[in-house]
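Subject: Structure for you to look at

Hello,

Here is the structure I promised to pass on. Please open it first, then read my notes below.

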Amino acid sequence: MRTDSSPGTLPAREHLPAGDAGTPVLDVVIPVYNEEKDLQPCVLRLHDHLKRTFPYAFRITIADNASTDTTPLVSQRLEAEIPEVKAFRLEQKGRGRALRTVWSASDAPILAYMDVDLSTDLNALLPLVAPLISGHSDLAIGSRLARSSRVVRGPKREFISRAYNLILRGSLQARFSDAQCGFKAIRRDVAQVLLPLVEDTGWFFDTEMLVIAERAGLRIHEVPVDWVDDPDSTVHIVKTATEDLKGVWRVGKALASGSLPLDRITRPFGDDPRDREIQDVPKGLARQLVGFCVVGGLSTLFYLVLYSAFRQFGGSQVANALALLVSAVANTAANRRLTFGVRGRGGAVRHQAQGLVVFGIGLALTSGSLAALNAASSDPAHSTELAVLIAANLAATVLRFLLFRAWVFPDRDDDQPRTTVVAGHTPSYSTQQPYAPLPQRPTPHHQYATAPQPSYETTEFRAGEAAEQCSWRDATVQLQPVRPTDTDPRNS
């Protein structure tokens, strides 16, 4: 998992300002590998749909990742015939590698991608990108598992898709419904901060990006889609599923260990009601109470099991002390991560030491209760001991939460000033100036056959040069925008 520094925190989401004249608002990337048959019909259909329905300037980018058939020739021909089409060649395979490379180099404020088979109904494209243009959301995904989605596919793919999403929900606590639908969009300013943290270069790229975005507090918009399975799909289901499970394990391990620097991606400030100072409403109290109750309930069960086991080999006081000690260490670690959101190993020893002090208070309460019970009865029943311990633990739990919240895990915003990472990337537009209207797409109808061949050449370089070896400010890897000085037959 990447732990290198990201360009910085994200600005507040706002309605997209106007870009340079001629710069497309939307860049739709179509990653392809040996798709000589489907590529041209896909691009022509998509181009026709965008011309009829999308109100702003757009670009279609063909990301050819190491095709060995005539796909590169088809890409070049489409680029020559249609001004809005750009061909991009990579020398290594991998859908994730292709998307990261092209998205990193694109100058469009909205970046999207879709599969070449066009299994998803194109009528969902405008609803997909609209929340990103308006500033409502950071990412948008199409969902085949939404209730209003209409999907036609075989039982095998249906089972695999739903099982995979259940695994994501159970292991990574993902709340989005469909990770692998080939229909997604992201704001460019978000992509510049998020993509350096995504390691996968294959099919798991989507899932990893969404999990990191969700854990960082970014807003993901879901659009129900109509989807028809492509019977000629070249995806190897078993191999892809195996790689995805490896990715789930890798990302889950990184999240659990705190090695993923999510603190470098803060949710946009200024447009989130949770950032407002509201009196008499403790910040995060409701969520912390729920988390503490869940952890406390599990810890109590764990404690009772340990007590019953230790009681077989010693007295009640010794069994209680040992069971409480072990469960207290586990309880502190769980509350540290799940209830109070403290990640990484920093301060873990101090937190455990403070937790042991809280443990001492709990030990005094429970031991005192046992002593009082033994004083009242020389040989109390085991069920009576458990009842007394449960009551004592309930009292200790309330005190433990108060001490955890006020002393062990206090609000970090109150203890120290928030560290802000200065963004290393300067957007091409200024948020200080009044916004002009977004660049509009010319309305006259354009015929493919009469279009002059543009002077663009297909860009070729090895995968990763733009995304991994070049900085964000390296202008040599940017996709060439539509120049306002070029002659456009639609304006003649």
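Helix H10 passes helix H12 in a right-handed crossing. Keep in mind that this is a predicted model.

H10 covers residues 316-339, and H12 covers residues 382-408. Their axes come within 13 Å. They cross at roughly 35°. Two packed helices are described by just these two things, the angle between the axes and the distance between them.

Which residues of H10 and H12 meet? On the H10 side, they are Ser316, Asn320, Leu324, Asn331, Thr332 and Asn335. On the H12 side, they are Glu385, Leu389, Asn393, Arg400 and Phe404. Sorted by class, this contact has 3 nonpolar, 6 polar and 2 charged residues.

**Phe404 and its aromatic partners**

Stay with Phe404, one of the H12 residues that meet H10. The structure holds 9 aromatic pairs. Phe404 and Phe409 form one of them, and this pair is edge-to-face. The ring centres are 5.5 Å apart, with 65° between the planes. A pair of aromatic rings is described by the distance of the centres and the angle of the planes.

Is Phe404 buried or exposed? Its relative accessible area is 1%, so Phe404 is buried. Phe409 also counts as buried, because its relative accessibility is 5%. The cut-off for buried is under 20%.

The picture goes beyond one pair. Phe292, Phe340, Phe401, Phe404 and Phe409 form one aromatic cluster.

**Helix H4 and what covers it**

Now move to helix H4, residues 125-134. Its buried residues are Leu125, Leu128, Val129, Pro131, Leu132 and Ile133.

What covers the buried residues of H4? The cover includes helix H1 (39-53). It also includes strands S1 (26-32), S4 (110-114), S5 (139-143), S7 (183-187) and S8 (220-224). Look at the end of the helix too. Just after H4, Gly135 takes a positive phi of about 90°.

**The whole chain**

Last, step back. The protein chain has 14 helices and 10 strands. It has 492 residues, and 45% of them count as buried. The chain exposes about 24300 Å². Carbon and sulfur atoms supply 57% of that area.

How do contacts span the sequence? Take those between residues at least 6 apart in sequence. Of these contacts, 82% join residues at least 24 apart.

Best wishes

How values were computed:
Residues are numbered from 1 along each chain as its sequence is written. This is a predicted model: local features need pLDDT of at least 70, side-chain atom pairs count only at pLDDT 80 or more; totals for chains, interfaces and linings use all residues. Side-chain values use heavy atoms; hydrogens and water are left out. Buried means under 20% relative accessible area, exposed over 50%, partly exposed in between (1.4 Å probe, protein chains only). Helices (H or I, at least four residues) and strands (E, at least two) are DSSP runs, numbered from the N terminus. Contact means heavy atoms within 4.5 Å. Axes are lines fitted to C-alpha atoms, for helices over the stretch in contact, and angles run from 0 to 180 degrees between N-to-C directions. A crossing is left-handed if the near helix is turned anticlockwise from the far one by less than a right angle, and right-handed if clockwise. Ala, Val, Leu, Ile, Met, Phe, Trp, Tyr, Cys and Pro count as nonpolar, Asp, Glu, Lys and Arg as charged, and the others, Gly among them, as polar. Accessible areas come from the Shrake-Rupley method with a 1.4 Å probe; for residues, only the protein chains shown count as cover. Rings of Phe, Tyr and Trp (its six-membered ring) pair if their centres lie within 6.5 Å; planes under 30 degrees apart count as stacked, over 60 as edge-to-face and the rest as tilted.
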